[in-house]
Structures are given as structure tokens and as C-alpha cells.
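I opened my notebook to look up a few side chains and who they meet. Come along and check each entry against the picture.

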Amino acid sequence: MKTKCILCKRTYEDKKCRRRCNSCNTRIRRYRCKEAAIKILGGKCKRCGFIGPQAVFDFHHIKGKKEFTIGNSLNKSWATILKEVKKCILLCKNCHSIEHSNKNDKELIKEAKKYQGSILIYFIYDYIQKC
């Protein structure tokens with residue numbers, strides 16, 4: 001029987017009289033899993049305290065070996081997911097990017113400020129001349 005998904009409006013073959021297609025059911029499961037994990041980890045960024053929609057949060061592993069990515073864990077039991085969540089802290093995407101960046105390395109910053117390379121100087125000079 002052909003059915004139209006109530007979320008994405010795509011027509012799909014339905015043998016179980018469901019209201020949503022498999023893709024939308026998967027999106028809902030991922031949303032609910034991430035929502036629960038965010039609540040368990042306090043609902044805000046551990047570094048800056050930001051509170052926002054779940055799309056802005058990442059799970060940063062700090063304990064033990066990372067077994068899997070929490071966002072790709074639909075085929076796992078909640079107990080398994082929870083065990084992985086407990087190895088993490090919740091970070092907003094900005095703080096998570098900073099955490100994994102090597103550009104906040106104090107030695108790198110110190111050397112970059114001392115750098116007198118000609119490429120950058122010529123680029124800036126050329127840019128100013130065009131303005």
C-alpha cells in the first residue's frame with residue numbers, strides 16, 4: 001500500500017500501516033537519543049555554559065576509549081549508549097572546535113606573532129593598494 005509520510009511528505013511502500021517513513025523514524029530516534037544524552041550531561045556546555053538547541057552540542061570524550069560516536073548509535077541499546085555518554089562532557093560546537101584546535105597552543109601563538117614572513121606582508125600591501 002502506498003502511503004505519504006506525515007513529516008517529509010514522501011510517498012513510500014507501507015506494509016505496517018505506519019504514519020512515517022523509515023528515514024523520518026530514524027531521524028526521530030536520533031533526535032530522542034541525543035536529547036536524552038544532553039539532559040544526562042547537564043543540558044549546557046561544560047566550558048562556556050551555553051544553553052541552546054541540540055544541534056549546537058557535541059559529545060567530547062574525556063574518559064576511557066571511545067567505542068563509537070554517540071550520534072551514530074541507533075543500532076545500540078540504551079544501556080550501551082549511556083555507558084559511552086558517561087565517558088563524555090557536553091560542549092557547544094565552538095568550545096569543541098577550540099578543544100581540538102592546535103591554534104590555541106601558546107608556543108604556536110608566540111612563534112606566529114614573531115613571524116616576519118614576506119608572503120603575508122606582500123599580501124597586505126597588495127590588498128591596501130587595491131582599496
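Entry 1: I started with a word I need: buried means under 20% relative accessible area, exposed means over 50%, and partly exposed is what falls in between. I also noted that this is a predicted model. With that cut-off I looked up cysteine 45, and at 2% relative accessibility it counts as buried.

Next I asked how many disulfides there are. The count came to 0 disulfides. Cysteine 5 is in no disulfide, and its nearest cysteine sulfur, on cysteine 24, is 3.6 Å away. Cysteine 5 has 1% relative accessibility, so I wrote it down as buried. Cysteine 45 is likewise in no disulfide; the nearest cysteine sulfur belongs to cysteine 95 and is 3.7 Å away.

I then went to cysteine 17, which I found in the loop between E2 and H1. Is cysteine 17 buried or exposed? Its relative accessible area is 65%, so I noted it as exposed.

**Entry 2: salt bridges.** Side chains of opposite charge can pair when their charged atoms come close. My count came to 6 salt bridges, and I followed some of them.

One of the bridges joins the side chains of lysine 2 and glutamate 13, at 3.8 Å from N to O. Lysine 2 is in strand E1 (residues 2-4) and glutamate 13 in strand E2 (residues 11-13), so this pair ties together parts that are 11 residues apart in sequence. I looked up the accessibility of both partners. Lysine 2 is exposed, at a relative accessible area of 61%, while glutamate 13 is partly exposed at 45%.

Which residue does glutamate 99 form a salt bridge with? I found arginine 47, with the closest N and O atoms 2.4 Å apart. Glutamate 99 is in helix H3 (residues 93-100), and arginine 47 is in the loop between helix H1 (22-40) and strand E3 (57-61), so the pair ties together parts that are 52 residues apart in sequence. I wrote down 33% relative accessibility for glutamate 99, which counts as partly exposed. Arginine 47 counts as partly exposed as well, at 46%.

Then I turned to lysine 87, which forms a salt bridge with glutamate 84; here the closest N and O atoms are 3.2 Å apart. Are these two partners buried or exposed? Lysine 87 counts as buried at 14% relative accessibility, and glutamate 84 is buried with a relative accessible area of 2%. I also found Glu67 linked with Glu84 and Lys87 in a network of salt bridges.

**Entry 3: rings.** I looked for aromatic pairs next and found 1 in the structure. Phenylalanine 50 and phenylalanine 57 form it, with 6.5 Å from centre to centre and 50 degrees between the planes, which I noted as tilted. Phenylalanine 57 is buried, with a relative accessible area of 1%, whereas phenylalanine 50 is partly exposed at 38%.

What sits over the ring of phenylalanine 68? I found the charged end of lysine 76 there, 5.0 Å from the ring centre.

**Entry 4: arginine neighbours.** My next stop was asparagine 25, in helix H1. I noted it as buried, at 13% relative accessibility. Its side chain makes a polar contact with the side chain of arginine 20, at 2.7 Å. Setting aside neighbours within four places in sequence, I listed Arg18 and Arg20 as the residues in contact with asparagine 25.

Arg20 turned up again when I looked at isoleucine 6. With neighbours within four places in sequence set aside, isoleucine 6 is in contact with Arg19 and Arg20. I placed isoleucine 6 in the loop between E1 and E2, and its relative accessible area of 39% makes it partly exposed. How far apart are isoleucine 6 and arginine 19 in space? I wrote down 6.1 Å from C-alpha to C-alpha, for residues that are 13 apart in sequence.

Key
Residues are numbered from 1 along each chain as its sequence is written. This is a predicted model: local features need pLDDT of at least 70, side-chain atom pairs count only at pLDDT 80 or more; totals for chains, interfaces and linings use all residues. Side-chain values use heavy atoms; hydrogens and water are left out. A salt bridge is a side-chain nitrogen of Lys or Arg within 4 Å of a carboxyl oxygen of Asp or Glu. Helices (H or I, at least four residues) and strands (E, at least two) are DSSP runs, numbered from the N terminus. Buried means under 20% relative accessible area, exposed over 50%, partly exposed in between (1.4 Å probe, protein chains only). A disulfide is a pair of cysteine sulfur atoms within 2.5 Å. A polar contact is a pair of N or O atoms within 3.5 Å; within protein, one must be able to donate a hydrogen and the other to accept it, and residues adjacent in sequence count only if both atoms are side-chain atoms. Contact means heavy atoms within 4.5 Å. Rings of Phe, Tyr and Trp (its six-membered ring) pair if their centres lie within 6.5 Å; planes under 30 degrees apart count as stacked, over 60 as edge-to-face and the rest as tilted. A charge sits over a ring if NZ of Lys or CZ of Arg is within 6 Å of the ring centre and within 35 degrees of the ring normal.
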